[in-house]
Amino acid sequence: MMPKAGPPPPEFFMMSALFTFLGALILACVYECIKTSLSKAFWPRVLGFTKLMALLMLAFSYLPMFLMMNIPQELIVSWFVSSVLMTLVASMVFVKVLK
C-alpha cells in the first residue's frame, strides 16, 4: 500500500498523528453535543457513550470494510475490539474532564 518498499516515510507518521488528533477532537465534540442526553452517573454515562460510538463505528466503518476489502475477518474483529476499548478509555477521560 506504500508507494515503494521499505519503512513508511516521515510524512506518513505526521499524517497519522494529525488524523489521530482530529479523530479525538471529533469524538470529544460529539460527546460535548450529546452529554446532556446521557445518564448523570459516571459508569452509565461512559458505557452509554461507548455503546453509541461502537454502534456507529460498526455501521459506518467496519461492516462496509468487511464488504469492500479482502481482509481476514479476525483482523477486522481485532480492529473493532481495539477501537471499542480505545473509545471506552476516551469516554472515561471525557466524562472526568468535560463533566
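Predicted model: local features only at pLDDT ≥ 70, side-chain atom pairs only at ≥ 80, totals over all residues.
Two residues are in contact here when their heavy atoms lie within 4.5 Å.

Start with helix α1, residues 10-34. Its 25 residues reach 37 Å from the first C-alpha to the last, close to the 36 Å expected at 1.5 Å a residue. The partner to follow is helix α3, residues 73-97.

Two packed helices are described by the angle between their axes and the distance between the axes. The axes of α1 and α3 come within 11 Å and cross at roughly 55 degrees. That angle makes α1 oblique to α3, and the crossing is right-handed.

Which residues of α1 and α3 meet? The table sets them out by helix.

| Helix | Residues in the contact |
|---|---|
| α1 | Ala 24, Leu 27, Ala 28, Tyr 31 |
| α3 | Ala 90, Phe 94, Val 95 |

These residues divide into seven nonpolar, no polar and no charged.

Now look at burial within α1. The buried residues of this helix are Leu 27, Ala 28 and Tyr 31, and they pack against α3 as well as α2, which spans 42-68.

Technical notes: Residues numbered from 1 in each chain as written. Heavy atoms only, no water. Axes fitted to C-alpha atoms, helices over the stretch in contact; angles between N-to-C directions. Helix = DSSP H or I, 4+ residues; strand = E, 2+ residues; numbered from the N terminus. Parallel < 35°, antiparallel > 145°, perpendicular 65-115°, else oblique. Left-handed = near helix turned anticlockwise from the far one by under 90°. Nonpolar A, V, L, I, M, F, W, Y, C, P; charged D, E, K, R; others polar. Expected span 1.5 Å × (residues − 1). Buried < 20%, exposed > 50% of the residue type's maximum accessible area, 1.4 Å probe, protein only.
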